[in-house]
There are 2 protein chains.
Amino acid sequence: MSRGTLYGVGVGPGDPELVTQKAISILNRERIIYAPRARGIEDSLALKIVERHIRNIETKVIEIIDYPLTTNSDEKRDFWKTLAGGLIGYLHNDENVVYLTLGDPSVYSTYAYLVRALRELDGDVDISTIPGISSYSLAACLVNQPLAEGDEDCTICSPAAGLDYLSEILDNRKNIVIMKIGRRMGEIIDLIREKGLLTHAAFVARAGLKEERVETDLSRLEQTDTETGNLSVILIRKGIV
Amino acid sequence: MSRGTLYGVGVGPGDPELVTQKAISILNRERIIYAPRARGIEDSLALKIVERHIRNIETKVIEIIDYPLTTNSDEKRDFWKTLAGGLIGYLHNDENVVYLTLGDPSVYSTYAYLVRALRELDGDVDISTIPGISSYSLAACLVNQPLAEGDEDCTICSPAAGLDYLSEILDNRKNIVIMKIGRRMGEIIDLIREKGLLTHAAFVARAGLKEERVETDLSRLEQTDTETGNLSVILIRKGIV
């Protein structure tokens, strides 16, 4: 069967200038573009980041994807299966498809779920993944502090495995990036304070977007609304005060 | 005193298409470009990656930097101090300077040493760091395997802290990226074999360059020359066989 290729394209953290040449070439060459949209948001942020780079955007087929609100894993699996089923129709019809992902498709991206669902439908599907600048990489630049240098290592983690697990990482690792903070912001700040690490931490929200916020004093985050943790990253570097 | 800005620009792992728009704009706007060159290599790889994107390259002042061969830390410090001393001359003369770094300037880049040396000379120096695609991020795309998803974390490390330390990371972490492999390639492969992790590992060398090599069977690396570990990355993901 003749087949198209799925291009999983990382669009970077938000600044349209942080998109790669390769992402731009693929977006201009291909016709079908899938763009995910966050819950309750009108536009697809990933699409907004790249749209200025796309010539003749009116000739493209743009499929906006709304992620399900459910936390039920069966319903989630059904969602990805249905999405993959529609997308594979294009591939089997010899059309290439671009799937946009915020940041880097290899780091906490739902793109991994799409790839898995596609492979369950067709083990031979052609997939080409294009890396993007991750939000933590931009955050490190914004605070002018390396993620790792010399003999250091760096652990990228999220609170998804639970706060006890995050606590263990904070105790045992020296350079830490916490992503996927969301509504757990308050608990995470409390945990960092308990460990005496507030002065070793930096907070960056919406890196690369116009509402970008950089805080090197985390005590300023103690009274914050529930939106503060969205699209945010905390960098910890124990060697630095 | 009027001052220029140092732009530390990540140029990505090697493919000129993986350079960001922002890096290209800065390179076209600014006149002074510092480009590091590896020991014993004729050209600067970082410069080769971006040169096709630079208009009127003949109008630029390009300073090729040869890193010192020494492992003596005093001599290294002197090298960075001398380099920073020359560079700060431009900044204090109101000229901006671009300093190219392979991959991402925040991950095991000597750029961190330059920044430190500059700040020792002038605490107020203006520095703007532009993230680049790291080699491990491209490597993950090439093997179509996420660095972290769901409740996983990912540890980026190097053998610089010693093989015992690397051994501890291999025992205790689930997703691991090993960078800066170089001549320790053989020892690292032995360690991964001892831990029974060969089938969970992937090797990518010179990602994004024309000599790119991707191995998902690390036993193929047992007889290799000493150059194999250069510009290479090993990805380990214990959950995947």
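Guide: Start with the charged pairs between the chains. The model is predicted. Across the interface of chain A and chain B, the rule finds 6 salt bridges.

Visitor: What makes Glu149(A) and Arg116(B) a salt bridge?

Guide: The closest N and O atoms of Glu149(A) and Arg116(B) are 2.6 Å apart. The cut-off is 4 Å, between a side-chain nitrogen of Lys or Arg and a carboxyl oxygen of Asp or Glu. The pair therefore meets the rule.

Visitor: Why does the pair of Glu149(A) and Arg116(B) join two chains?

Guide: Glu149(A) lies in the loop between H5 and S6 of chain A, and Arg116(B) lies in helix H4 (residues 111–121) of chain B, so two chains are joined.

Visitor: How many residues are in contact between chain A and chain B?

Guide: 50 residues of chain A are in contact with 50 residues of chain B. Contact here needs heavy atoms within 4.5 Å.

Visitor: What area do chain A and chain B bury between them?

Guide: About 4000 Å², with 50% of it on carbon and sulfur atoms. In chain A, Gln21(A), Ser106(A) and Asn144(A) lose the most area to chain B. Together they make up 14% of what that side buries.

Visitor: How many residue pairs are in polar contact across the interface of chain A and chain B?

Guide: The rule finds 32, with both residues at pLDDT 80 or more. Several elements of chain A give two or more residues to the side that touches chain B, among them helix H1 (21–29), helix H4 (111–121) and strand S5 (126–130). The largest share, 5 residues, comes from H5(A). By class, the side of chain A that touches chain B has 25 nonpolar, 13 polar and 12 charged residues.

Visitor: How do you know that S6(A) and strand S6 of chain B pair?

Guide: Count the bridges. S6(A) and S6(B) (residues 154–157) have 3, in the antiparallel sense. Pairing takes at least two bridges, so these strands qualify. Ile156(A) stands opposite Cys154(B) in S6(B).

Visitor: Which order do the 10 strands of the open sheet have?

Guide: The order is S9(A)-S8(A)-S10(A)-S7(A)-S6(A)-S6(B)-S7(B)-S10(B)-S8(B)-S9(B), with mixed pairing.

Visitor: Why is one side of strand S9 of chain A and of strand S9 of chain B left without a neighbour in the sheet?

Guide: Both S9 strands (213–215) stand at the edges, each with a single partner strand, so one side of each has no neighbour in the sheet. From one strand to the next, the twist averages 15 degrees.

Visitor: What makes S6(B) and strand S7 of chain B partners?

Guide: S6(B) and S7(B) (residues 175–178) are joined by 3 bridges and run parallel. At least two are needed, so they pair. Thr155(B) stands opposite Ile176(B) in S7(B).

Visitor: Which strands does helix H7 of chain A lie across?

Guide: H7(A) (residues 185–194) lies across S7, strand S8 (201–205) and S10 of chain A. Its direction runs at about 10 degrees to S10(A).

Visitor: Which strands stand at the edges in chain B's open sheet of 5 strands?

Guide: The order is S3-S2-S4-S1-S5, with parallel pairing. Strand S3 (61–66) and strand S5 (126–130) of chain B stand at the edges, each with a single partner strand, so one side of each lacks a neighbour in the sheet. The twist averages 20 degrees from one strand to the next.

Visitor: How do you know that strand S2 of chain B and S3(B) pair?

Guide: S2(B) (residues 32–37) and S3(B) share 6 bridges in the parallel sense. The rule asks for at least two, so they pair. Ala35(B) has Ile64(B) as its bridge partner in S3(B).

How values were computed: Residues are numbered from 1 along each chain as its sequence is written. Chains are lettered from A and ligands numbered from 1 in the order in which they are written. This is a predicted model: local features need pLDDT of at least 70, side-chain atom pairs count only at pLDDT 80 or more; totals for chains, interfaces and linings use all residues. Side-chain values use heavy atoms; hydrogens and water are left out. Buried area is the accessible area (1.4 Å probe) that two parts lose on being put together, summed over both. A polar contact is a pair of N or O atoms within 3.5 Å; within protein, one must be able to donate a hydrogen and the other to accept it, and residues adjacent in sequence count only if both atoms are side-chain atoms. Helices (H or I, at least four residues) and strands (E, at least two) are DSSP runs, numbered from the N terminus. Ala, Val, Leu, Ile, Met, Phe, Trp, Tyr, Cys and Pro count as nonpolar, Asp, Glu, Lys and Arg as charged, and the others, Gly among them, as polar. Axes are lines fitted to C-alpha atoms, for helices over the stretch in contact, and angles run from 0 to 180 degrees between N-to-C directions.
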